[in-house]
Amino acid sequence: MIKTMYYLNTLDTGTALFAAILIGIAFGFFLERAGFSSSRKLSGVFYFKDMAVIKVMFTAVITAAIGLSCLISFGFISLDNIYLMPTVYGAHIVGGLIFGIGFAMGGWCPGTAAAGVACGKIDAIIFLLGTVIGSVIFNELFAFIKPLYQAGQSGVVLVYDSLKMSRNGFVLLLTLIAIIMFWLCEWLEKKRQLPIVSNNSVVLKIMSVLLLALSLGLNFTSSKTAAAQLSDTSSSEAQLLESIDKAQDHIEPEELAQRIIQGQDIIVVDVRPADEYNKFHIRNAMNIPLEALHQELDSFKNKSMIILYSNGMTHPAQARDSLYRSGFTNVYLLTDGLNGFIDRCLKPISLRNEPLSEDMDLKVDNWRSYFLASETMPKSATPQASTSQEPLVDANWLEKNLGKPSIKIIDLRSQPEYNTGHIPGSLALSVENLRTDINGIGSMLQPADMLARHMSLMGIASDDAVIFIYGDRVHDATLAGMALERLGHKNYAILNGGFAIWKASNKLLTTDLPTVIASKYQAANYTDEFTADSQTVLKYVQNKKAVIIDVRPADYYNGTKSDEARAGHVPGAINRPFSEDIVKTNDIQQFKSVEQLQTAYAQIIPTKETKVIVHCRTGHQASQTFFVLVRLLGYTNVLWYDAGWSEWAAKQELPIKK
Amino acid sequence: MENKILKYMNPYLAGIGLGMTLLASFLIMGAGLGASSGIARIAAFAELCIAKTHTLSCEYFGGYGDKPLNYYLVFMFGGIFIGAICSAIMADRVHWQIERGGKSSAKIRITFALIGGILVGFSSRLANGCTSGQALTGSALLLTGSFVFLICIFVGGYLTAWLFRGQWND
């Protein structure tokens, strides 16, 4: 089975561009050989002076059609592998008529004009200039033309389906029509005693026999398989046929993509062979071979939505029929199979012929990052791997793990508070010690080498589990967490409830100071990839490819309150105050439940892979939202604009909104 | 004149050559031949050079992004030119000329070529392809819309060709 670049989604790679040049060279070569670098010869067809256009064009069409049908019949390739252009009746009729006028008038079409230019035809250069102008006119008038451009949209329609024939039957008919046309052309040219007549008849005779034989043979080989298919489906119930007829048994790729992203309870089943599944599959799909479907899916019978897919439609359709007969009523097919899914949901926007609406544009981006990311990343990379600490710990856990040398507890309350009583073994740290001025911007998280020195002084090793204890500001713990994030130190956690919960549960307190042996802290990395500067933020403000979350209190976001030179917010930013993620009961502040947070953020951020930028005034509060998104909820693409509003407001050239 | 004609390949053999090229394109790329999309992207590039923000905000050309030339059909269009020039040099057919009838004026020929080009450029976008991308490729794929387009090209051409015959007067 051949897999094409279109199928593998590699049409935008260098290899594809190189292949396109080579194919273009062969295309241009044969166009020129045929004499299509002459507008006079091309136009001849419209005056019955030279019928070469018909001869060459239809020979090419039937050669390729017969060749492709043979390869399909022998199972070398499936149609899923080829990009099929949708039929738009209105646009194709009107477009064809105008094109015909332009062709007769200009004497060229786009491909032949390129060949004409190669021969030094000045009229071809002028013609091509015209086509560029025509394209620009189309673009400029697109808003007016759009209704026509979409008139009679019918999706991919195959002509043999329109005529209710079999594929190979139609190929035979087309071959017959073409051959009759060729003989008519020859007869016409001979009758008019045109000077261009050369002795074509030998070639024509051989070719006619050959092509007819091929297309006849095609029908003979395919009749057997078709008959087998027919007897297989004839036993299906009327009800099944009815639901198929109404296409109730299908789900469109876009709908499936949305449902998966929304985390709906659906079972997606890939029925292809395991090796194909391993190469690429829809994220979260299970791989069940056709023969094991009944058994494996039995527990899901009529419970949740089951969606079957393969590369195309035939296999899952048969499987669906079979499941239906044994009582499954919840089985659906993915329209156009995996290829349709790739084409409609995952095809890069730049490769699409039709421009997409802004809404679709965003969706495609999200789908691409969700469905393609999972393939490139090892499975364990999403929500932080098992080697790391759970992001939140409770007091009981901490109590049990007190005294373990690999666990370091850092108390972030003020020094006087620490001195009056703290968790045994905990060290005091003020988060302000982790911040500094960078390039005139205050309160920036220190560079990694400085942070590493702090860690060394506190005797922390790079594989220690660090537990942060906060006082009355949860975001102290998350800012300290950012320091470790910058060092690539993922193994840290926060005591959910902070010092207050430890105290409230009457656990052991001490005033003893622990002894610390300085370590030589080795950072995993000295640069991080999550800190964004104002230029990065500006870029996303302009291209709108990220969700920007301003976590400051609403009155600062609105600009009614301000501590800075300018009031308001970053254009396009949405407001989700950091305090919304915290719940306070009896003076104990805790993170809201993961479920609650999940639901809240799912409403602002389309997918876990969406690019998100969080910021506040100085980066402190935003660190908490960063922690929630990355650590608790598993968002994978979150940036932290540390400098925040204090920088944005100060830089007059940056846009703001009030 | 006679010699040049004889140098053209037998049309059926050339057709088979084109058909095999198309088939190769299906098998390797998974997409057929195309020419007008390449031109449209060159047009978008030109418009980007002149008015970047305007072009990017256009619904149609904007969809190509800010690097419209990074597309396989642009490269294929370049390939057509290279292939044709190879064949033309082999047959000694490279001469600067405005191709027209012996008794026709160059001015009319050029005007017709320009207006014809505009119509073709426009309608190729409307129909999402030209003689290569729709009529040839789509027909070989047995797509209904492409057959409709192909038939309409000949209808449009035969209905109006009489009006443009002047440029080919000998």
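This is a predicted model: local features need pLDDT of at least 70, side-chain atom pairs count only at pLDDT 80 or more; totals for chains, interfaces and linings use all residues.
In strand β5 of chain A, I251(A) has L334(A) as its bridge partner.

As a reminder, strands of a sheet pair through backbone hydrogen bonds, either parallel or antiparallel.

Four strands make up an open sheet in the order β14-β13-β17-β18, and the pairing is parallel. Here the edge strands are β14, residues 574–575, and β18, residues 638–641, each with a single partner strand, so again one side of each is left without a neighbour in the sheet. Strand β17(A), residues 612–615, pairs with β18(A) in the parallel sense over four bridges. Within β18(A), the residue opposite I613(A) is L639(A).

Chain A also has antiparallel pairing. Strands β9, residues 435–438, and β10, residues 441–445, pair in that sense over three bridges. I438(A) stands opposite I441(A) in β10(A). The two strands form a hairpin with two residues between them. One turn residue to look at is N439(A), which has a positive phi of about 50°.

Now the helical part of chain A. An unreviewed UniProt entry lists "transmembrane region" for this chain at residues 6–31, 52–77, 89–110, 122–145, 165–185 and 197–218. I checked two of these spans against the model. Residues 122–145 of chain A are 96% helix and 0% strand, with the end C-alpha atoms 31 Å apart. For residues 165–185 of chain A, the figures are 90% helix, 0% strand and 28 Å between the end C-alpha atoms.

On packing within chain A, take helix α6, residues 110–118, and helix α7, residues 122–140. Their axes come within 8 Å and cross at roughly 140°. That angle makes α6(A) oblique to α7(A). The crossing is left-handed. From α6(A), the residues involved are P110(A), A113(A), G116(A) and V117(A), and they meet A124(A), I125(A), F127(A), L128(A) and T131(A) in α7(A). By class, this contact has seven nonpolar, two polar and no charged residues.

On to chain B. Its "transmembrane region" annotation, also from an unreviewed UniProt entry, covers residues 12–33, 69–90, 110–128 and 140–164. Residues 69–90 of chain B are 86% helix and 0% strand, with the end C-alpha atoms 30 Å apart. Residues 140–164 of chain B are 72% helix and 0% strand, and there too the end C-alpha atoms lie 30 Å apart.

How many residues of chain B are in contact with chain A? The count is 118, against 121 residues of chain A. Elements giving two or more residues to the chain B side include α1 (2–7), α3 (36–50) and α8 (144–160) of chain B. α2(B) gives the most, with 18 residues. The chain B side divides into 75 nonpolar, 36 polar and seven charged residues.

α5(A) passes α6(B) in a left-handed crossing. Among the residues making the contact are V94(A), I98(A) and F99(A) of α5(A), and F112(B), I115(B) and L119(B) of α6(B). Glycines are also in the contact, including G95(A) and G102(A) from α5(A) and G116(B) and G117(B) from α6(B). The residues of this contact divide into 14 nonpolar, seven polar and no charged.

That is what I have.

Note on methods: Residues are numbered from 1 along each chain as its sequence is written. Chains are lettered from A and ligands numbered from 1 in the order in which they are written. A crossing is left-handed if the near helix is turned anticlockwise from the far one by less than a right angle, and right-handed if clockwise. Two residues are in contact if their C-beta atoms, placed from the backbone, lie within 7 Å. Ala, Val, Leu, Ile, Met, Phe, Trp, Tyr, Cys and Pro count as nonpolar, Asp, Glu, Lys and Arg as charged, and the others, Gly among them, as polar. UniProt positions are given in the numbering used here, feature names are shortened, and annotations may be inferred rather than shown by experiment. Two strands pair if DSSP finds at least two bridges between them. Axes are lines fitted to C-alpha atoms, for helices over the stretch in contact, and angles run from 0 to 180 degrees between N-to-C directions. Angles under 35 degrees count as roughly parallel, over 145 as roughly antiparallel, 65 to 115 as roughly perpendicular and the rest as oblique.
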